[in-house]
Amino acid sequence: MTPIEAGAPLPDLTLDGPHGPVRLHDAAAQGPLIIAFYQEDATPVCTAQLGAFRDDFDLIAEAGARLVAISADDRTSQGRFQAAQSFPFPLLSDAGLDAARAFGVVDDSGRRSLRAVFVSGPSLTIDLAIPYYHPANPNQFPAVFEAIGLDFG
């Protein structure tokens with residue numbers, strides 16, 4: 001499976017969120033949208049991945065951006081994870097892996113997504129694609145913030 005790249009159209013998908021369905025096109029039309037795929041609720045690396053975004057969420061909001069995090073976990077599991085970690089952004093359920101397939105980030109087991117981050121916006125194209133995201137990579141996290149218009153130089 002080949003991940004989508006920068007310049008590709010943003011897939012038009014609707015996913016289950018904590019307050020009902022979330023359509024990615026509608027979210028991106030409002031300004032920069034960070035789409036963070038994570039593998040599994042309450043695992044150490046995924047908690048670190050989303051925790052870093054939580055800890056700098058004020059910067060995301062100041063840039064006028066939004067963030068959604070997507071996994072194959074069900075809404076009940078995601079609700080517990082969100083409550084335990086106080087994430088200020090919605091966790092969206094991709095139980096059928098439709099979003100992971102559309103972005104080309106289904107893992108080798110075929111049961112969950114890879115850790116990946118994409119940024120889009122009102123143009124509804126992918127502005128940044130990091131199909132193999134790791135929270136310990138010192139270059140990837142700043143690249144996300146630069147893609148939403150913040151200068152880390």
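A search of the whole structure, which is a predicted model, finds 10 aromatic pairs, a pair being two rings of Phe, Tyr or Trp (its six-membered ring) with centres within 6.5 Å, stacked if the planes are under 30 degrees apart, edge-to-face if over 60 and tilted otherwise. Among them is the tilted pair of Tyr 38 and Phe 81, at 5.9 Å centre to centre and with 45° between the planes. This pair links distant parts of the chain, 43 residues apart, with Tyr 38 in the loop between strand E3 (33–37) and helix H2 (44–55) and Phe 81 in helix H4 (residues 75–85); helices (H or I, at least four residues) and strands (E, at least two) are DSSP runs numbered from the N terminus. Tyr 38 and Phe 81 are both buried, that is, under 20% relative accessible area, where exposed means over 50% and partly exposed in between (1.4 Å probe, protein chains only). Together with Phe 57, Phe 87 and Phe 89, they form one aromatic cluster.

Gln 78 also lies in helix H4, and it counts as buried because its relative accessibility is 0%. Leaving aside neighbours within four places in sequence, Gln 78 is in contact (heavy atoms within 4.5 Å) with residues including Tyr 38, Asp 41 and Leu 91.

Strand E4 (residues 66–71) is largely enclosed by the rest of the structure, because 5 of its 6 residues are buried. The chain crosses from E4 through H4 to E5.

Residues are numbered from 1 along each chain as its sequence is written. Local features need pLDDT of at least 70 and side-chain atom pairs count only at pLDDT 80 or more, whereas totals for chains, interfaces and linings use all residues.

Definitions and conventions: Side-chain values use heavy atoms; hydrogens and water are left out. A crossover is right-handed if, with the strands pointing away from the viewer, the path from the first strand over the helix to the second runs clockwise.
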